[in-house]
Amino acid sequence: VTRGDLQREVSAQGRIVAANHPRLFSPAQGIVSLTVKAGESVTKGQVLARIESPELQSQLAQEQSRLQSLESDLSRTRISGRQKNVTNDQTTELRRVNLAAARRELERAERLRKDGLLNDVDYERSRDAVRRAEVELKQAEQGGQLEKESLDFEADDRAKQVERQRLVIDELERRVRGLAITAPFDGLVATVEVQDRDAVMQNAPLLTVVDLSKFEIEVRIPDSYAGEVAPGVPAVIEDGGRTFPGELTAVHAEQPPEQIQ
C-alpha cells in the first residue's frame, strides 16, 4: 500500500466470494411457485419463481372493467355531441332560411308601399319580421357554438379519464408481470429460502442468485494498517502459484466482540 512517501506491503489471507449476489424478494403477497432449486445454474431472464396473487389479479380485472366503462361513456359522449351539433346546424340553417324569406317579404312590402298599395302598419310588420329573424339566427349561431364548446370540453374530459385509467392499468400490468421472478444475470441459485407453494408476504426473501463471472476477496487487515488502506489501492492476488491484479474496493471496520463479565 502507499501513503504519501511511505510504501508498505501488507500480506493477508482471504476468502473468495461472488461480487454480485443479490437476494430476490416477493413483489406481492401470495403463493410462491418455484421453478428452480438451490445449486441450479440459470440464465439471465429465466423465470425462477412465480407469485400467485389473487388480490392483484382481481384489482387488475376491476380496473380493466372500469376502463371499458369509461371508453363506452366516451364513445356515447362523442356520438351524442355529433348528433347535437347536427341538430344545431339544422336549426341555424332553418333560421337563415327564415331570415332570407323575411327579407324578400320586406322588399315586396317596400315596393307595394311605394305604389301606395300597402299601409304603414303592414310595412312595419314586415320590418319587424326581419329583425325577429335576425335575432333568432344570431341566437341559434351563438347557442350552437356554445353547446359545441361544452360538448367538446366534456368529450376531452372523458378522454383524459380514459387516459388516466390506462396508466393505472399499465402500472398494474407491470406489477403482474413482476410476479414472475427472473434471474438478473447468468449465474447460480445459491439459496432458496422458501418451499414450493408456500404463502409469502410482500418483500419476503425468496432466493439468492450469485454471479460466477465476477469475484471479490474478503481479507482481514490488522488494525495497525487501518489508516494506510483506502479504496483504490492496488493489490496482487496469489492463488495456486498464479498472480492476478486487483484493487481494494471497500474497507469496513469490524465490530469487536462483546466482553462477557
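Residues are numbered from 1 along each chain as its sequence is written, and side-chain values use heavy atoms, with hydrogens and water left out. Because the model is predicted, local features need pLDDT of at least 70 and side-chain atom pairs count only at pLDDT 80 or more, whereas totals for chains, interfaces and linings use all residues.

The pLDDT, which is the predictor's confidence in each residue on a scale from 0 to 100, has a mean of 87 over the protein, and 88% of the residues reach 70 or more. Helices (H or I, at least four residues) and strands (E, at least two) are taken as DSSP runs and numbered from the N terminus. On this basis, confidence is lowest in strand E1 (residues 2-3), with a mean of 42, and highest in E7, with 96. Residues 1-6 stay under 50 in pLDDT, and the model has 13 contacts for this stretch beyond four places in sequence, a contact meaning heavy atoms within 4.5 Å. The pLDDT is also below 50 over residues 257-261, a stretch with zero contacts in the model beyond near neighbours in sequence.

Strand pairing was assigned where DSSP finds at least two bridges between two strands. Four strands form an open sheet in the order E4-E11-E9-E6, with antiparallel pairing; its edge strands are E4 (23-25) and E6 (41-42), each of which pairs on one side only. Strands E4 and E11 run antiparallel and are joined by three bridges, and Arg23 has Thr208 in E11 as its bridge partner. Pairing is likewise found between E5 and E7, which are antiparallel over four bridges, with Val32 standing opposite Ile51 in E7. Strand E7 is also joined to strand E8 (residues 180-182) by three bridges in an antiparallel arrangement, where Val47 stands opposite Thr182 in E8.

Nonpolar cores were defined as sets of buried Ala, Val, Leu, Ile, Met, Phe, Trp, Tyr and Cys residues joined through side-chain atoms within 4.5 Å; buried means under 20% relative accessible area, exposed over 50%, and partly exposed in between (1.4 Å probe, protein chains only). The largest such core has 29 residues, and those with the most contacts inside it are Val32, Val42, Leu48, Val200, Leu206, Leu207 and Val209. At least two residues of this core are supplied by each of strand E5 (30-34), strand E7 (47-52), helix H1 (54-114), helix H2 (120-177) and strand E11 (205-210), and the largest share, five residues, comes from H1. Apart from this core lies another, of nine residues, which includes Leu99, Ala102, Tyr123 and Val130. For Leu48, when neighbours within four places in sequence are left aside, the contacts include Leu24, Val42, Ile181, Leu207 and Val209.

A search of the whole structure finds 17 salt bridges, each being a side-chain nitrogen of Lys or Arg within 4 Å of a carboxyl oxygen of Asp or Glu. One of them is formed by the side chains of Glu141 and Arg96, at 3.0 Å from N to O, and this pair links distant parts of the chain, with Glu141 in helix H2 and Arg96 in helix H1, 45 residues apart. Glu141 is partly exposed at 37% relative accessibility, as is Arg96 with a relative accessible area of 35%. Within helix H2, Arg174 forms a salt bridge with Glu171, the closest N and O atoms being 2.5 Å apart; because these two residues are three apart in the helix, they are separated by about one helical turn. Arg174 is partly exposed at 44%, and Glu171 is partly exposed at 36%. Glu163 and Arg166 also form a salt bridge, with the closest N and O atoms 4.0 Å apart, and they too lie three residues apart in helix H2, so that about one helical turn separates them. Both are partly exposed, Glu163 at 42% relative accessibility and Arg166 at 37%.

Pro234 lies in strand E13 (residues 234-239) and is exposed, with a relative accessible area of 67%. Not counting residues up to four places away in sequence, Pro234 touches Gly246 and Glu247. The C-alpha atoms of Pro234 and Gly246 are separated by 6.0 Å, although the two residues are twelve apart along the chain.
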